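Please look over the sequence and the model shown here, and then read the notes on helix packing and on the pocket.

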Amino acid sequence: MVSRAESAAATRRALLDAAAGLLDVGGPEAVTLREVGARAGVSRGAPYRHFPDKDSLLTTVAAEALERLADEVHAVRTDPKVAADDTVHRGLAALMTIGRRQPHLYQLMFAAPAGDSAAIEAAEQAGDRAMGEFLAIVGDLVGAEHARRFGALLLTSAHGITDMAVSGHLAEDKWQVTAEDLVSTLVSMIDRQARLG
């Protein structure tokens, strides 16, 4: 027999999955609590028992994505078989994959969180964790004292590369380079700069 808590958790999970699916297909405008409930197969009032508003729901979706990204970067960072420069490359690749495959989610992950205080706090904590994992891999490459400076350079570059790739402005036939090639070049340049001091 399913307990009330298990049933509530399953409903919440179904709502989050439905919201993520709608977000992928049509962006934030496609996500309404009514449509999320219908997709999740729950009553009209069920979404409101779990999320006070659409912003809280979307912020929770973004927080979960940030947690998954942090988990992925942590797994790469703690793999002793992966070199520091490859760790940074893989961390950026994980982020850029989200941007190219799920551009609406990607934008939401980097937007200011909105909604109720619990959703905002969870998103901020997930963002801090993802940033901490990323700064750790950058620090392993360039040293902890330079992690923020080079981390900012890497992230802003990765965002630009991702945006150009998503918009079609980074066509390989035009530039004769892939997004992955650009990231590899950037990581190599930073590695070399860090070694020079």
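## Helices α4 and α7

Helix α4 (residues 54-77) and helix α7 (residues 117-142) have axes that come within 8 Å and cross at roughly 20°, where axes are lines fitted to C-alpha atoms, for helices over the stretch in contact, and angles run from 0 to 180 degrees between N-to-C directions. That angle makes α4 roughly parallel to α7, a term for angles under 35 degrees. The residues of this contact divide into 13 nonpolar, five polar and six charged.

This is a predicted model, in which local features need pLDDT of at least 70, side-chain atom pairs count only at pLDDT 80 or more, and totals for chains, interfaces and linings use all residues. Residues are numbered from 1 along each chain as its sequence is written, and side-chain values use heavy atoms, with hydrogens and water left out.

## Helices α1 and α2

The axes of helix α1 (residues 4-26) and helix α2 (residues 33-40) come within 8 Å and cross at roughly 115°, which means that α1 is roughly perpendicular to α2 (65 to 115 degrees). In their contact (heavy atoms within 4.5 Å), A14, L15, A18, A19, G21 and L22 of α1 meet E35, V36, G37, R39 and A40 of α2. Seven nonpolar, two polar and two charged residues make up this contact.

## The largest pocket

About 270 Å³ of space lies in the largest pocket. Of the 14 residues that line this pocket, F110, G127, A130, M131 and L155 are the closest to its centre. Helix α7 gives the largest share of the lining, five residues, and the lining as a whole divides into eleven nonpolar, two polar and one charged.

Note on methods: Helix = DSSP H or I, 4+ residues; strand = E, 2+ residues; numbered from the N terminus. Parallel < 35°, antiparallel > 145°, perpendicular 65-115°, else oblique. Nonpolar A, V, L, I, M, F, W, Y, C, P; charged D, E, K, R; others polar. 1 Å grid on protein atoms, 1.4 Å probe; cavity = no way out; pocket = protein on both sides within 12 Å on 5 of 7 lines; lining within 4 Å. Points joined across faces, edges and corners; volume = space filled by probe spheres on them.
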